[in-house]
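Take a look at the model below. We will go through its ligands and one of its pockets, step by step.

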Amino acid sequence: MMKIIAFGIREDEQVAVDAWVAKHPGVQVDTTNELLTSETAPMAAGYDVVNILQAGVPVGEATLKPLADLGIHILTLRNVGTDDLDFEMLKKYNFHVSNVPRYSPNAIAEHAMIQMARLFRHMKQMDIKVYRHDLAWAPTIGREVRKQTIGIVGTGNIGRVAIQIAKGFGAKVIAYDKYQNPELAAQGVYVDTLDELLAQADGISLHVPGIPENHYLINPDSIVKMKDHAVIVNAGRGNLVDTDAVIAALDSGKLDGFAMDTYEDEGGLFNVDWAGQDFPDPRVADLITRDNVLVSPHTAFYTWTASEEMVEQSLDAGLAFVNGEIPEQVVKF
Ligand code: NAD
Ligand code: COI
């Protein structure tokens with residue numbers, strides 16, 4: 001019988017695993033809530049496929065060599081981003097890899113646009129006031145989203161849905177991508193350079209990968225090019241934003257708000273319950289207390305629809321690899 005071990009499984013994912021197993025009686029899927037590390041890798045002894053969702057926990061030689069020594073060469077990811085993986089080592093140890101490049105772009109896009117709208121309407125300030133029993137209107141007056149220009153950086157799966165949602169608000173939408181989508185180009189959405197987008201947008205939403213060339217796409221120089229009182233939403237990757245530069249711009253009043261779903265130092269911080277304890281990262285503690293900063297712990301993706309798709313597609317991909325097929329979710333490297 002074919003055997004898959006899935007690491008880092010949450011309760012909501014277990015539901016989807018059980019549903020998949022019921023449809024695939026010839027496959028045994030065992031799960032653990034532990035992440036894949038060099039210490040947990042030996043748990044994979046006897047399995048054909050290792051299925052993971054790391055979210056910031058690196059997978060390098062120390063983890064891959066023990067798997068390869070156990071005869072395992074199939075690694076299937078339940079998420080999009082492959083930034084936790086060391087591809088040199090995956091090559092060295094002959095791994096086949098898949099990810100889930102498109103599970104539910106709506107999950108992330110709607111989170112990003114909800115947060116942008118909340119920033120324009122100062123909803124966090126209002127929620128804090130109401131919680132304090134202050135039900136006065138002023139001074140918490142907002143900007144209507146339809147009167148804003150929303151700039152979408154990256155028009156792949158997620159950015160394209162974000163554009164639809166922003167248009168639904170009635171906002172003027174502009175977009176920038178290194179490779180223009182012909183359908184969107186025909187709608188006249190694109191500006192030619194990132195600088196043009198930064199100069200025109202009241203709200204900027206990032207939907208590009210955290211590849212090295214995109215590191216600190218938002219930095220002191222790019223912030224200078226932005227409109228005064230712009231807001232930024234980062235549900236892309238933490239390393240897209242120089243956090244110190246954004247904090248300085250919030251302090252100076254250049255930026256009106258910041259929504260941060262991904263953070264440059266989020267590994268080991270997000271997806272952990274810190275209740276009753278200080279955050280180990282004082283910068284995050286500072287950001288969380290600001291009434292014009294929205295922090296979510298990389299949960300833009302976190303919906304039932306996305307969770308099911310991530311589990312199903314990653315298990316399907318593992319099955320395909322074992323059957324000698326190349327799944328559509330294969331990661332080429
Ligand atoms: P995608 O590959 O479909 O689209 C990415 C787009 O970015 C491409 O069109 C590409 O040409 C463009 N691009 C890359 N670098 C660029 C640059 N410097 N300037 C302009 N355009 C650039 O990816 P997607 O499915 O839309 O996902 C986008 C990103 O969202 C992922 O890479 C991941 O980092 C992030 N993500 C976040 C979450 C979350 O929960 N917060 C969940 C899934 C994905
Ligand atoms: C991805 O799918 O790449 C994400 O960003 C979400 C994931 C880390 C849970």
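A residue is near a molecule if one of its heavy atoms lies within 4 Å of it. Keep that cut-off in mind. Note also that this is a predicted model.

Start with ligand 1. It has 24 residues around it. Those that come nearest are N157, I158, D177, N214 and D261.

Now look at the backbone. I158 places a backbone N or O atom 2.9 Å from an oxygen atom of ligand 1. A235 faces a nitrogen atom instead: a polar backbone atom of A235 is 3.1 Å from a nitrogen atom of ligand 1. On its own, ligand 1 has 860 Å² of accessible area, and the protein covers 85% of that.

Turn next to ligand 2. The residues around it are L53, A55, N79, V80, G81, Y103, R237, H298 and F301. By class, five are nonpolar, three are polar and one is charged. A polar backbone atom of V80 is 2.8 Å from an oxygen atom of ligand 2. For G81, a backbone N or O atom lies 2.7 Å from an oxygen atom of the ligand. R237 uses its side chain: an N or O atom there is 2.7 Å from an oxygen atom of ligand 2. The protein covers 93% of the 280 Å² of accessible area that ligand 2 has on its own.

Stay with R237 for a moment. It sits in the loop between β9 (230-234) and α10 (243-252). Is R237 buried or exposed? Buried means under 20% relative accessible area. R237 has 19% relative accessibility, so it counts as buried. Its side chain also makes a polar contact with the side chain of D83, at 2.6 Å.

Which helix gives the most to its lining? That is α6, with six residues. Both α6 (157-169) and α7 (182-186) supply at least two lining residues each. The lining includes R102, P105, N157, R160 and E183. By class, it divides into four nonpolar, four polar and four charged residues.

Technical notes
Residues are numbered from 1 along each chain as its sequence is written. Chains are lettered from A and ligands numbered from 1 in the order in which they are written. This is a predicted model: local features need pLDDT of at least 70, side-chain atom pairs count only at pLDDT 80 or more; totals for chains, interfaces and linings use all residues. Side-chain values use heavy atoms; hydrogens and water are left out. A polar contact is a pair of N or O atoms within 3.5 Å; within protein, one must be able to donate a hydrogen and the other to accept it, and residues adjacent in sequence count only if both atoms are side-chain atoms. Accessible areas come from the Shrake-Rupley method with a 1.4 Å probe; for residues, only the protein chains shown count as cover. On a 1 Å grid over the protein atoms alone, a cavity is a set of points where a 1.4 Å probe fits but cannot get out, and a pocket is an open set with protein on both sides within 12 Å along at least five of seven lines; lining residues have an atom within 4 Å of a point. Helices (H or I, at least four residues) and strands (E, at least two) are DSSP runs, numbered from the N terminus. Ala, Val, Leu, Ile, Met, Phe, Trp, Tyr, Cys and Pro count as nonpolar, Asp, Glu, Lys and Arg as charged, and the others, Gly among them, as polar. Buried means under 20% relative accessible area, exposed over 50%, partly exposed in between (1.4 Å probe, protein chains only).
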